[in-house]
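Please keep the 3D view open as you read.

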Amino acid sequence: MNDSNNRRFNVAVVGATGAVGETMLSILAERNFPVGKLVPLASERSAGGTVGYRGEEYVIEDLAGFDPTGIDIALFSAGGGVSKEYAPKFAAAGAVVIDNSSAFRYDDDVPLVVSEVNPEAAKLRPRGIIANPNCSTMQMLVALAPIHRAYGIERINVATYQSVSGAGRSALEELARQTGALLAFQDADPRRFPVQIAFNLIPHIDDFLDNGFTKEEMKLVWETRKILGDESIQVNPTAVRVPVFYGHSEAVNVETREKVSAAQARALLASAPGVKVVDERKPGGYPTPVTHASGHDAVFVGRIREDLSHPRGLNLWIVSDNIRKGAALNAVQVAELVAAGG
Ligand code: A2P
């Protein structure tokens with residue numbers, strides 16, 4: 001920390017009324033981030049309202065009319081369009097922007113950082129912007145990076161089971177509303193998702209691309225390679241939205257260069273930063289979004305077993321709170337790296 005030991009940072013949270021933004025505020029408080037001035041920002045419709053931080057109410061300001069001069073760190077989670085327009089303005093005013101949208105993730109001069117995996121990348125930020133990875137990539141790589149370093153991963157097959165909170169507050173409300181409506185024998189009336197999400201699964205997250213994959217699926221390909229710094233890793237993703245409020249799950253199969261046994265993988269992951277192994281071969285001896293992930297920081301890994309169909313294949317079940325490690329927690333951890341590194 002050098003001379004930054006006692007320094008405090010003026011922090012702006014852009015999207016402070018959102019599902020991720022409100023968790024950013026609570027994690028800043030929980031982790032005692034050295035906040036000087038705190039400025040919650042949102043759209044005009046929320047301006048003048050308040051959000052809570054450390055037991056006090058803070059007035060929300062309208063992003064459009066806000067002068068970022070004096071802000072040291074800006075945590076953005078208000079969507080890609082807002083980031084594209086306002087993040088460069090905050091950076092030009094001297095702030096380090098930590099952006100949770102996908103607006104800058106694939107730009108070569110913007111680092112993409114998972115705090116446990118490639119923290120050193122946060123230091124090189126020529127545009128003053130650091131990107132926070134997609135929630136599904138985030139939890140997958142917290143668990144897979146140690147395996148990649150020790151045994152070399154050649155290929156990843158992943159199917160995600162993603163909770164609705166990843167689509168924001170309106171999606172949480174839609175699942176609750178539809179669940180109530182259907183139990184009362186009323187119509188689901190889909191609005192936020194293209195089809196009914198309550199009591200259903202939707203194999204479609206983000207836009208469809210020309211190659212037949214969705215953008216959410218391709219994020220797993222592009223971001224895995226960028227964060228691990230290895231363009232040779234093959235990733236075959238399927239992303240599915242499930243009627244869970246908080247916590248993403250992933251069924252992952254990896255093919256490694258060197259054979260790794262289930263016992264070796266379990267031992268490696270037991271001491272990996274940010275990972276908790278929950279892998280007892282009995283009922284309930286595995287992580288789920290509700291029993292383990294929701295409201296917790298760790299990436300939980302269970303069902304570790306060798307692939308019956310491939311000599312160097314390994315199966316894992318990876319579960320984490322998508323709003324915490326998948327978004328707000330990592331953003332604050334990156335802010336801590338910035339604070340520590342100057
Ligand atoms: P607001 O509540 O004023 O619309 P979520 O992902 O949970 O839907 O949250 C999105 C967040 O981004 C909210 O805080 C929302 O604020 C904010 N937001 C959306 N559009 C804008 C905008 N044009 N300017 C500032 N904040 C925005």
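1. A polar contact here is a pair of N or O atoms within 3.5 Å; within protein, one must be able to donate a hydrogen and the other to accept it, and residues adjacent in sequence count only if both atoms are side-chain atoms. By that rule, a polar side-chain atom of Ser46 sits 2.4 Å from an oxygen atom of the ligand. Backbone atoms take part too: a polar one of Arg169 is 2.9 Å from a ligand oxygen, and a polar one of Gly15 is 3.2 Å from a ligand oxygen.

2. A word on the source: this is a predicted model, where local features need pLDDT of at least 70 and side-chain atom pairs count only at pLDDT 80 or more, while totals for chains, interfaces and linings use all residues. Residues are numbered from 1 along each chain as its sequence is written, and side-chain values use heavy atoms, with hydrogens and water left out.

3. Which residues come nearest to the ligand? Of the 15 around it (a heavy atom within 4 Å), they are Thr17, Ala19, Ser43, Ser46 and Arg169.

4. Now to the strands (DSSP runs of E, at least two residues, numbered from the N terminus; two strands pair if DSSP finds at least two bridges between them). Six of them form an open sheet in the order 5-2-1-6-7-8, with parallel pairing. Strand 5 (61–62) and strand 8 (129–131) are at the edges with a single partner strand each, so one side of each has no neighbour in the sheet.

5. Look next at strand 1 (residues 9–14) and strand 2 (residues 35–42), which run parallel and are joined by five bridges. Val11 is opposite Leu38 of strand 2.

6. Finally, strand 3 (residues 50–53) and strand 4 (residues 56–59) pair antiparallel over four bridges. Tyr53 has Glu56 in strand 4 as its bridge partner. The two strands make a hairpin with two residues between them, and Arg54 in the turn has a positive phi of about 55 degrees.
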